[in-house]
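Hi,

Here is the structure we talked about.

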Amino acid sequence: MASGGIEPRKLSVFGSTGSIGKNTLDVIEQVGGREFFEVLALTGNSNTELLAEQAKASGAKLAVTADADRYQSLKDALSGSGIAVAAGESGLMEAADLDAEWVMAGIVGTAGLAPTLAAARKGADIALANKECLVSAGEIFVQAVHAGGGRLIPVDSEHSAIFQALEEDQRHALERIILTASGGPFRTWTREEMAGVTVEVARAHPNWSMGLKISIGSASMFNKALEMIEAKHLFDVEPDQIEVIVHPQSIIHSMVGYRDGSVLAQLGAPDMRTAIGYALTYPLRPNLTVERLDFAKLARLDFEAPDTERFPALRLARTALERGGLQGAVMNAAEETAFSAFVEERITFLQMADIVEAVMEKMTGHSPATNIEEVFAADAEARRKAGEQISKVSART
Ligand code: NDP
Ligand code: MG
């Protein structure tokens, strides 16, 4: 019997070369590897060397690079291995079309939406790290999972915590969801101090080791903003039931408050493998070698109210939640565009929120999307408008 009683399962890892993807492959090994899991597809983008190594080590059937220009280098790296190779958007859809029972959605950004949606429609259980799927496509994404017949299991540590603390038969008694936020590297900084920060400074997260996009998002608190919208769709709660509390140690991963005043929390070391393992083996719990909490050493856990003046992303998320419709897609696309401009040093750290707010104000008039094409259209329009704003701002500086 496998560790924790796991049955053999066919699975795919989208974004296997990233931070979530590497942790997922590590968890798969820890939980039993090839003996218990058959890896169908692995996908990456720029890092074809690592993708080829992972595909060989895991015995994957198909390796896909999202970058069509890297097809040949991946093909060369896997020649003679018997592993099929594909590339570009059609390659990602090929990966999504395999009969996986479980898919880790670990691609960063809206690039993950189409393949994850396709895998959901095919009925795979979706382990969702790629929060952008829910922020942009919300109800449509949730409906696709339901229609496919698979389960949607959150991997984001906060949402995994809530998922673990929220018992289905107690849903009627749920009062509020309390998302914890580390506060990131600029938790105690003034706006003046944040004004000139570089990408290298902003990406240095105090507790978690993660990909670039989410690390910058933690510094600006746009990551928490996306997570507020993610929580709405995952747990079907009203905007005023979603609270954020800054908890610098990142030990309490989030909490659920019930109508009798009880609060249930999930705690653990800041290590994504716990949430990934839970999503992989749900409803069982796997044996994992992650660090155990030593409460005597921890000694204390701190909390602070979030500051929406210094971190306007949190205010923008509230606005998006209240407006509903396509505002999540608009906010997400504008933020991705502003993030890229910051990384390319075209705008400053604080200008990211200005750009997102300007685009949201220009695109308030959307009713809820009825199909995914409307989501992609709003996404494209928000990117275009964000691009215009960025050009204006960078022309001034
Ligand atoms: P990384 O940047 O580390 O990895 C992203 C993955 O997506 C890589 O495999 C990358 O390939 C691939 N990728 C990049 N661009 C594209 C594209 N255009 N098309 C297809 N694939 C692409 O990100 P993370 O692992 O940190 O984050 C992944 C997702 O998980 C994000 O949505 C993030 O918000 C979420 N998440 C991450 C956490 C973490 O601890 N890292 C925690 C909670 C949520 P390559 O590297 O080969 O270029
Ligand atoms: Mg998170």
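This is a predicted model: local features need pLDDT of at least 70, side-chain atom pairs count only at pLDDT 80 or more; totals for chains, interfaces and linings use all residues.

Strand β5 and strand β6 (residues 125-128) pair in the parallel sense, over four bridges.

β5 spans residues 102-105. It also pairs with strand β1 (residues 9-14). That pairing is parallel too, with four bridges. Here Ser12 stands opposite Val103 of β5.

Are the faces of β5 covered or uncovered? Both are covered. Trp102 and Met104 lie on one side, Val103 and Ala105 on the other, and all four are buried. In a regular strand, side chains alternate between the two faces of the sheet.

Now compare β9 (residues 242-246). Ile242, Val244 and Val246 make up its covered face. Glu243 and Ile245 make up the uncovered one. β9 pairs with strand β8 (residues 174-181). The two run parallel, and five bridges join them. Ile245, from the uncovered face of β9, is the bridge partner of Thr180.

Next, ligand 1. There are 24 residues around it, and Thr17, Ser19, Ile20, Ser46 and Glu132 come nearest. By class, the shell holds nine nonpolar, 12 polar and three charged residues.

- Thr17: an N or O atom of its side chain is 2.7 Å from an oxygen atom of ligand 1.
- Ser19: a polar backbone atom is 2.9 Å from an oxygen atom of ligand 1.
- Val108: a backbone N or O atom is 3.4 Å from an oxygen atom of ligand 1.

How much of ligand 1 does the protein cover? On its own, ligand 1 has 900 Å² of accessible area, and the protein covers 86% of that.

Last, the metal. Which residues supply the protein donors of the magnesium ion (ligand 2)? They are Asp156 (OD), Glu158 (OE) and Glu227 (OE). These donors lie 2.1 to 2.3 Å from the ion. The spacing of the donor residues in sequence is D-x1-E-x68-E. Asp156 and Glu158 are both buried.

To recap the strands: β5 pairs with β1 and with β6, while β9 pairs with β8.

Best wishes

Notes
Residues are numbered from 1 along each chain as its sequence is written. Chains are lettered from A and ligands numbered from 1 in the order in which they are written. Side-chain values use heavy atoms; hydrogens and water are left out. Buried means under 20% relative accessible area, exposed over 50%, partly exposed in between (1.4 Å probe, protein chains only). Two strands pair if DSSP finds at least two bridges between them. Donors are N, O and S atoms within 2.8 Å of the metal (3.2 Å for Na, K and Ca); water is not among the atoms, so sites may look incomplete. A residue is near a molecule or strand if one of its heavy atoms lies within 4 Å of it. A polar contact is a pair of N or O atoms within 3.5 Å; within protein, one must be able to donate a hydrogen and the other to accept it, and residues adjacent in sequence count only if both atoms are side-chain atoms. Accessible areas come from the Shrake-Rupley method with a 1.4 Å probe; for residues, only the protein chains shown count as cover. Ala, Val, Leu, Ile, Met, Phe, Trp, Tyr, Cys and Pro count as nonpolar, Asp, Glu, Lys and Arg as charged, and the others, Gly among them, as polar.
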